[in-house]
Amino acid sequence: MAFLSFSNVKFAGVAAAVPKIVKEIKDLSFFSPGEADKVIALTHIERSRMVPKGMCCSDLCYEAAEQLIERLQWNKQDIGALIYVSLSRDYLTPHTSALLQDKLGLSKECYAIDVPLACSGYVYGLSVIAGLMQNGGIKKGLLLVGETTSQLQSPLDKTIWPLHGDGGTATALEFNEGASPMLFHFATDGSRGDAIINLDGMRHPITEESMRMIEVEPGIIRNRTQSVLDGMNVFGFSIKEPPASIKSLTEHYDFSLDDIDYLILHQANKYMDDKIGKKLKVPADKIPFSLMQYGNTSSASIPITMVVGIGEKLSLEDADVVICGFGSGLSWGSAYIKLDHIICLPLIELD
């Protein structure tokens with residue numbers, strides 16, 4: 001069983017950046033009359049953000065990191081680890097974390113790696129960086145997490161295009177001897193990997209045929225490099241496995257959800273998250289949301305929700321939180337974290 005615990009690592013702060021371009025669900029041309037209203041009613045996603053041509057996920061993460069480092073008054077040479085969690089990389093090679101190390105002006109002795117995970121990525125990324133830092137060899141670390149799904153999906157596919165938004169985040173962590181442990185549970189089911197998949201790339205190399213737009217059915221036009229979503233498969237998974245993971249976390253580490261301040265869930269669909277909350281008997285006022293205005297931002301959705309949903313409270317108060325990310329892989333994970341008056345910057349918007 002993938003239960004992990006990491007001590008001596010403390011949250012210092014979190015920041016999030018989104019592009020200024022707004023994608024309004026009600027204005028999408030492929031919807032027939034009334035369809036957009038049904039999607040909004042089911043998902044509660046009304047709009048999201050989309051990067052302009054030439055902007056990458058790393059640009060969003062960079063700006064979030066720069067402003068957070070400045071607010072924390074950190075010396076950049078003290079930052080010993082940079083983890084970049086995203087499927088949206090600048091190039092096939094080099095790894096994007098290396099480019100961010102240079103762009104941010106961090107030490108050449110900074111430990112920098114990419115983690116190519118989507119919706120569960122924030123939880124997994126936290127475990128990676130906490131594991132690196134818990135013994136004190138690295139005193140300060142940056143977890144940069146985000147996605148620009150608009151670069152991975154077809155704008156002519158009504159099964160997936162209305163749901164997602166672009167965003168990038170930065171989380172600052174520091175070694176603090178005696179800090180409360182971060183507690184984790186993880187799981188993976190690769191047998192269902194085709195539930196969310198981009199078919200052509202490496203195993204099936206990209207050819208001219210890969211780029212041909214195909215009408216799968218009315219309202220669903222995409223090529224083989226763009227994302228395919230099996231909505232019913234993902235829906236069934238999302239209302240079953242995440243609450244089971246959270247329950248396993250509470251049982252293994254012997255704590256009660258009655259005592260937490262917030263349950264922060266991956267922002268895929270409000271109906272699904274409401275179902276998860278009800279299964280776990282967590283009051284609705286303890287479950288913040290960001291998806292109404294920013295959509296499903298994949299791995300960035302949990303930190304974006306921290307910023308826009310409860311940012312002011314997290315800056316002013318202690319908070320015991322449980323987070324849960326779930327999606328592509330299929331992959332999911334949960335964590336229990338104690339936050340102590342963290343720095344939580346206002347949302348950053350980029351042209």
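H44 sits in the loop between α1 and β4 (47-49); helices (H or I, at least four residues) and strands (E, at least two) are DSSP runs, numbered from the N terminus. The model is a predicted one, in which local features need pLDDT of at least 70, side-chain atom pairs count only at pLDDT 80 or more, and totals for chains, interfaces and linings use all residues. Residues are numbered from 1 along each chain as its sequence is written, and side-chain values use heavy atoms, with hydrogens and water left out.

Back to H44: its phi is near 70°, a positive value in a residue other than glycine. With 33% relative accessibility, H44 is classed as partly exposed; buried means under 20% relative accessible area, exposed over 50%, and partly exposed in between (1.4 Å probe, protein chains only). You will find H341 in the loop between β16 and β17 (343-344), and it is partly exposed at 42%.

Next, turn to the open sheet, whose five strands come in the order β1-β9-β16-β15-β14 with mixed pairing; two strands pair if DSSP finds at least two bridges between them. Its edge strands are β1 (2-6) and β14 (262-265), each pairing on one side only. β14 runs parallel to β15 (residues 318-327), and four bridges join them. Within that pair, I264 stands opposite I323. Helix α8 (residues 301-316) packs on the sheet, touching β14, β15 and β16, and its direction makes about 155° with that of β14; axes are lines fitted to C-alpha atoms, for helices over the stretch in contact, and angles run from 0 to 180 degrees between N-to-C directions.

Finally, have a look at two cis peptide bonds. One joins T93 and P94, with omega about 10°, and P94 lies in the loop between β5 and α3. The other runs from G329 to L330, with omega near -15°, and L330 is in the loop between β15 and β16.

How values were computed. Contact means heavy atoms within 4.5 Å.
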